[in-house]
Protein chains: 2
Amino acid sequence: MFPAPTYTQRRKQLADRLPTGLILLPGNGEAPMNYRGNAYPFRQDSTFRYFAGLNRPDLLLTIDAETGEGLLYGDEATLDDTIWMGEQPSLAELAQQVGLTVGGSRNEAFGAVAMAEVVHYLPLYREERRRVLRRCVNHSARPSEELIRAVISLRSYKSAEEIAEMDRAVQISMEMHRAARAGAKPGMREAEVAGILEGLAIGAGGRLAYSAIVSRDGHILHNHAHGNVLRQGDLLLIDAGAETDTGYAGDITRTFAVGAEMTEQQRAVYDIVAEAKRRVIEEIKPGVPYRELHDLSARIITDGLKDLGLMKGSTEDAVAAGAHALFYPHGLGHMIGLDVHDMEDLGEDLVGYDAEFRRSEQFGTRNLRLGRRLEEGFTITVEPGIYFIPILTDRWRAEGMHTEFIDYDALAAYRDFGGIRLEDNVVVTADNCRTLGSV
Amino acid sequence: MFPAPTYTQRRKQLADRLPTGLILLPGNGEAPMNYRGNAYPFRQDSTFRYFAGLNRPDLLLTIDAETGEGLLYGDEATLDDTIWMGEQPSLAELAQQVGLTVGGSRNEAFGAVAMAEVVHYLPLYREERRRVLRRCVNHSARPSEELIRAVISLRSYKSAEEIAEMDRAVQISMEMHRAARAGAKPGMREAEVAGILEGLAIGAGGRLAYSAIVSRDGHILHNHAHGNVLRQGDLLLIDAGAETDTGYAGDITRTFAVGAEMTEQQRAVYDIVAEAKRRVIEEIKPGVPYRELHDLSARIITDGLKDLGLMKGSTEDAVAAGAHALFYPHGLGHMIGLDVHDMEDLGEDLVGYDAEFRRSEQFGTRNLRLGRRLEEGFTITVEPGIYFIPILTDRWRAEGMHTEFIDYDALAAYRDFGGIRLEDNVVVTADNCRTLGSV
């Protein structure tokens, strides 16, 4: 947790951006796993945590947009709670830690909100928060775009104290990757490597920021299965990041050959991806549209694949047509912060796009979460990749897609290649950027 | 997963127990963590898994109580899903793996259920399943006690193939405990020990069956905080169990002194708890009421505490009055299986009590989840403990509670003791019982 004035200032800044009304920010409750009493590890809502700091279930924050007054609501621990869960801070102690005034019990929160003429709230991804709303907000109410925009306008710019936490998240993430790489041996199951990673994230006092990808099938982009046995020389793609005890995420990807040097073929593809990552990071500075950096990475990848004889024709035209997306069907990166895809619950397009840069509708580039111009204080991922996805290759070939840019015959030698992705996290500085974790 | 006939037989047995109607068993969906796209690791509903085996989200099972016919509903993976998540089995392939017939899409399930005259369903602990019900079941409908009782009457008796999985769950759990004990050193944070445990559970292809307790404050019974630094000689209480990839839980507790031999005081209390566990396990056999074994453990603990000069008077009377609960305020154990508290979502009293044995209302004993007579095939935990809980001691002393049985002055020397719990899992056999994991 940061010192109380941090939160007080954030709430004031938020209130300043909204003319009137009551801002309602319910914290998360427990999420039942296989019965009500066996919950998943508690995860606070990121926006609640940004404005109220507290990392415990069933709290509510309201902010009066006119006065900026923030009230904390929650139920006091009973004596029985104290016997079973140890000494619990009172609501007053919690409020004091983060510069808030006590509002009262949860029921009192429902009453106070029900009496407000205008209630601003955010989109809801958890049912327990929907239940809160049903208790106190008119059925026809909708999330407030004003509030969404105001929250995004604050959370997008990371303060020095936030950047220090993100450095720590990336440092822990890098330790996880180093241990996983050192531990991965032929004959092991992917799950054992995943266990090394996750054990370290928990050991550091936090958790994984997202379900880790640990796969010799790196070409399957959303692959959370860990059932394969590793063989010598397999490319192992690991996409895993820690969330610190303060809630900040790292998101790091590395790819290496298990128990072996890379083959020439593996190394050649790796070098293209590494070059794309390096050159994008060189170009990052305030004012540069991230969409242009995505296109730059697509051109570097296309050039590299042309050198390997897998693509052909004009690089510019191939990227404009989207032919590179056979090998690189995802976006270059996204905002990162208290969420690994920062503020995704508030709406991807409101976070990553604006009037100047609209999301593409083209296969591949439409998956880019961030298109707008970068600004100082943004923290973002840079994660180019090259994948050989048999099912997609077969489909495109059958449809005669982009035959002027892709040599399908040459692709046969890469059918079982898998995939390579490399990912760093950076903070945009006044002049350029700095790779996080490098302090 | 077990072979298909296992599930077919279970469904037939279930249908045989209900005269008529449609049994609706929705599987679990994804549980969002901090936004919809970042879910907690998927956890299937245990009853769905018991009758349909499949461990993937958003499936529905219906069973016709008259014919026993089981239908599987779910949406087929799209080509896009396949690109992002790899080759997905079709609904027909999934159904075939567990002896089911394809019912159709989720929407078709809603239609089929809406047309049924009588729908049996279970209590709901997850919102996504509540949403399923809202789509197809009358608002005034209530969970079916007939179905609850039928499910409990099947899941309570573990088959040989289930017991083999539970042995494996306990073996993995014991490896976790051995590694944690070997790893725990003075100067480490509790979280680091928790990381060792959880890493191994994941490495074994499963997960933790519940949030681990790793605490030098063993007297705080529901303590999932891991922030303390371990000091030499601290009693460290670890309550942690693995869930296997097949979904079965282990639940094991050990307590040891960090980097040291136990002191005489620690050892004396430890020996009482160990004696309680040993003697209870000796007494377990079909026909014995678990409530009586709980009372036996309370008497052994009371006798031991009398030897230490902390309790006094008649053991029988002290236990009848509930005086032991100052030191032992929880139950001796509970059913365990696909859930660590097996079938707790169906109702604790329906699982653990019956017309002969009703739940006690006395402080301490009222927390006992299992009171009924044991039967062959039950798998249960045995977990006596002794704790020194300052807040409870102060309260009882101030209220003059049980002064004829408790020497409050003598307790001063134990104020910072913490707590000791020891827990094994056993299966009730024809003649007595066997400790799980011991094969």
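Predicted model: local features only at pLDDT ≥ 70, side-chain atom pairs only at ≥ 80, totals over all residues.

How many residues of domain 1 of chain A are in contact with domain 2 of chain A, and how many of domain 2 do they touch?

Modeller: Let's start with where the two parts lie. Chain A splits into domain 1, covering 4-155, and domain 2, covering 160-435. Going by C-alpha atoms, their centres are 34 Å apart. As for your question, 19 residues of domain 1 of chain A are in contact with 16 residues of domain 2 of chain A.

How much area does that bury? The size of an interface is often given as the accessible area lost when the parts come together. Here, the two domains of chain A bury about 1,500 Å² between them, and carbon and sulfur atoms give 50% of that. On the domain 1 side, the residues that lose the most area to domain 2 are Arg43(A), Ile152(A) and Arg155(A), and together they make up 38% of what that side buries.

Between domain 1 and domain 2 of chain A, the rule finds 5 salt bridges. There are also 10 residue pairs in polar contact between these domains, counting pairs with both residues at pLDDT 80 or more.

Now for the helices on the domain 1 side. α1 (4-17), α2 (46-52) and α7 (145-155) of chain A each supply at least two of the residues that touch domain 2. The largest share, 6 residues, comes from α7(A).

For some context, zoom out to where chain A meets chain B. That contact takes 63 residues from chain B and 63 residues from chain A. About 4,900 Å² is buried between the chains, 57% of it on carbon and sulfur atoms. In chain B, Tyr35(B), Ile83(B) and Trp84(B) lose the most area to chain A, together 17% of what that side buries. The count of salt bridges between the chains is 4. You can look up the side chains of Asp80(B) and Arg366(A), which meet in a salt bridge at 3.9 Å, N to O. On the chain B side, α9(B) gives the largest share of the residues touching chain A, with 8.

Technical notes: Residues numbered from 1 in each chain as written. Chains lettered and ligands numbered in written order. Heavy atoms only, no water. Domains from an automatic or database assignment. Contact = heavy atoms within 4.5 Å. Buried area = accessible area lost by both parts, 1.4 Å probe. Polar contact = N/O pair within 3.5 Å; in protein donor to acceptor, adjacent residues only side chain to side chain. Helix = DSSP H or I, 4+ residues; strand = E, 2+ residues; numbered from the N terminus.
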